[in-house]
Structure formats: C-alpha cells, structure tokens
Amino acid sequence: MRLGVSFIFIGKCGEDLFGYFLLQEMHKNGVGASPVIVPPGDATGLSVILTRGIHRGILTYPGLIPALKAGEIPDELLSQATHLYIASHTL
C-alpha cells in the first residue's frame with residue numbers, strides 16, 4: 001500500500017527467472033499479486049529498452065504478455081475495484 005491506496009495486479013507470467021523475479025518484487029513492495037496466473041511451460045514476456053543519444057529502440061519478446069483474456073479475470077475482483085487500468089504494449 002502506497003499513499004494509502006492498496007492495489008492488485010492480475011496478468012500472466014511464466015515459471016521462469018523473470019516471472020519469479022516479478023512476483024517476488026510485487027510481493028516485496030506490497031502489490032497484491034495472488035491473482036497472477038502462472039501457466040506451466042510458458043515464458044514471461046520481456047521488453048528491453050536500448051538508448052543511444054536521442055535514439056531509442058525497444059525489443060520485445062511477447063511471451064505471455066498478450067495471453068490474458070477478459071474471461072480469466074474473476075468477477076469478484078472487478079466488483080471490488082474502484083479503478084481499473086488496462087494496459088498492453090500491443091494496443
């Protein structure tokens with residue numbers, strides 16, 4: 001909880017180093033990550049930002065980034081929410 005506000009993250013990550021790191025960091029920083037789905041055998045999505053001077057490039061391995069479907073979000077979480085933020089690099 002920061003600034004008196006609690007929040008929950010829902011998404012998908014893999015059973016890999018990046019997925020475990022993300023879950024650990026969210027837990028360490030008080031982010032509710034219990035709804036995160038970890039399907040076996042799939043990989044966590046990852047983006048790397050490369051900069052040089054005024055130039056920037058973003059390399060993305062999508063992995064599970066586009067895999068979450070609306071039907072996988074529990075109705076009980078939506079009914080408790082006062083704010084909903086939806087984001088994706090593929091919008």
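Keep in mind that the model is a predicted one.

First, find Thr 44 in the chain. The residue sits in the loop between helix 1 and strand 1. Now look at what surrounds Thr 44. Leaving out residues up to four places away in sequence, Thr 44 touches Cys 13, Gly 14, Asp 16, Phe 18, Gly 19, Leu 22, Tyr 61, Gly 63 and Leu 64. The side chain of Thr 44 reaches the backbone nitrogen of Gly 19 at 3.2 Å.

Turn to Asp 16 next. This residue lies in the segment before helix 1, which covers 17–28. Is Asp 16 buried or exposed? Asp 16 is buried, yet it has no salt bridge. Which side chain of opposite charge is nearest? That is Lys 12, and it is 14 Å away. A salt bridge needs the charged atoms within 4 Å. What Asp 16 does have is the 2.7 Å polar contact with the side chain of Thr 44. Setting aside neighbours within four places in sequence, Asp 16 is in contact with Asp 42, Ala 43 and Thr 44.

Ala 43 comes up in that list, and it is the next stop. Ala 43 is in the loop between helix 1 and strand 1. Its relative accessibility is 27%, so Ala 43 counts as partly exposed. Ala 43 and Gly 14 are 29 residues apart along the chain, but their C-alpha atoms are separated by 4.3 Å. Beyond residues up to four places away in sequence, Ala 43 touches Gly 14, Asp 16, Tyr 61, Gly 63 and Leu 64.

Find Tyr 61 in strand 2. Its relative accessible area is 48%, so Tyr 61 is partly exposed.

Now for the charged pairs. Side chains of opposite charge can pair when their charged atoms come close. How many salt bridges does the count give? The count comes to 2. One joins Glu 72 and Lys 12, with the closest N and O atoms 2.9 Å apart. This pair links distant parts of the chain, 60 residues apart. Glu 72 is in the loop between strand 2 (55–61) and helix 2 (75–80), while Lys 12 is in the segment before helix 1. Glu 72 has 29% relative accessibility, so it counts as partly exposed.

Glu 25 and Lys 28 also form a salt bridge, with the closest N and O atoms 3.0 Å apart. Both residues are in helix 1, and because they are 3 residues apart, about one helical turn separates them. Glu 25 is partly exposed, with a relative accessible area of 24%. Lys 28 is exposed, with a relative accessible area of 58%.

Stay with helix 1 for a moment. Helix 1 has 12 residues. From its first C-alpha to its last it reaches 16 Å, close to the 16 Å expected at 1.5 Å a residue. Gly 30 follows helix 1, and its phi is positive, near 80°.

Finally, step back to the whole protein. The protein has 2 helices and 2 strands. From the N terminus on, the elements run α-β-β-α. Along its principal axes, the C-alpha trace spans about 45 × 35 × 25 Å. Of the 91 residues, 15% count as buried. The accessible surface comes to about 7300 Å², and 61% of it belongs to carbon and sulfur atoms. Among contacts with a separation of 6 or more, 55% come from residues 24 or more positions apart. The contact between Ala 43 and Gly 14, 29 residues apart, is one of the links seen along the way.

Notes. Residues numbered from 1 in each chain as written. Predicted model: local features only at pLDDT ≥ 70, side-chain atom pairs only at ≥ 80, totals over all residues. Heavy atoms only, no water. Helix = DSSP H or I, 4+ residues; strand = E, 2+ residues; numbered from the N terminus. Buried < 20%, exposed > 50% of the residue type's maximum accessible area, 1.4 Å probe, protein only. Lys, Arg positive; Asp, Glu negative; His and termini not counted. Polar contact = N/O pair within 3.5 Å; in protein donor to acceptor, adjacent residues only side chain to side chain. Contact = heavy atoms within 4.5 Å. Expected span 1.5 Å × (residues − 1). Areas by Shrake-Rupley, 256 points an atom, 1.4 Å probe, with all protein chains shown as cover.
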